Amino acid sequence: MKLAEAQGLLDGLCVDWGLRPMQIKPSKRLTTSGANVYLLDRSVQIVPALLRCSEAEQTIRHEFAHMLAYDLDERSPAHGALWKECCRAVDIYPDLYLGPIGTKVMLEVRTQRAVRKQTSEGGER
């Protein structure tokens, strides 16, 4: 999925659900997840490699469900009952976070970062 397609998906979800616009932002800084929603600036940051895997759409819907839940109740827990209802409403399964392909992508990204860090700290050990 290209960045423009990901933005189009997010734009469509915002229109369908009556939410203010959100923005997709590629991020190479994420280290513990493939994507995060930033509620205050209304953006989804996503690891670029994740856009190239089959779980990109599900990931964007997952993060959108967080924004939808937040807009309905700002005090709702991140993966609580309201968020799970929002997931079902946007056609994803709330208990499926990152499937095998997405997990493999994240492991590869972390490995590449570790190698670059080790190299920048004085070579291989």
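What class does relative accessibility give D73, and at what percentage?

Reply: D73 counts as partly exposed, at 28% relative accessibility. The cut-offs are these: buried is under 20% relative accessible area, exposed is over 50%, and partly exposed lies in between (1.4 Å probe, protein chains only).

First, the ground rules. This is a predicted model, in which local features need pLDDT of at least 70 and side-chain atom pairs count only at pLDDT 80 or more, while totals for chains, interfaces and linings use all residues. Residues are numbered from 1 along each chain as its sequence is written, and side-chain values use heavy atoms, with hydrogens and water left out.

D73 forms a salt bridge with R75. The closest N and O atoms are 3.7 Å apart. The term needs a side-chain nitrogen of Lys or Arg within 4 Å of a carboxyl oxygen of Asp or Glu. R75 is exposed, with a relative accessible area of 74%.

The structure holds 5 salt bridges. Among them is E57 with R61, at 3.0 Å from N to O. Both residues lie in helix α3, 4 residues apart, about one turn of the helix. Helices (H or I, at least four residues) and strands (E, at least two) are DSSP runs, numbered from the N terminus. R61 is buried, at 16%. E57 is partly exposed, at 35%. Another salt bridge joins R88 and E85, at 2.9 Å. These two are in helix α4, 3 residues apart. R88 is partly exposed at 43%, and E85 is partly exposed at 47%. An α-helix has 3.6 residues a turn, so residues three or four places apart point the same way.

Now helix α3 itself, residues 56-72. Its 17 residues should span 24 Å, taking 1.5 Å times one less than the number of residues. Its end C-alpha atoms are 25 Å apart, which agrees. Of the 17 residues, 13 are buried, so α3 is largely enclosed by the rest of the structure.

The largest nonpolar core has 31 residues. Such a core is a set of buried Ala, Val, Leu, Ile, Met, Phe, Trp, Tyr and Cys residues joined through side-chain atoms within 4.5 Å. The members that touch the most others include M22, I60 and F64. Helix α3 supplies the largest share, 8 residues. M22 is in contact (heavy atoms within 4.5 Å) with residues including F64 and M67.
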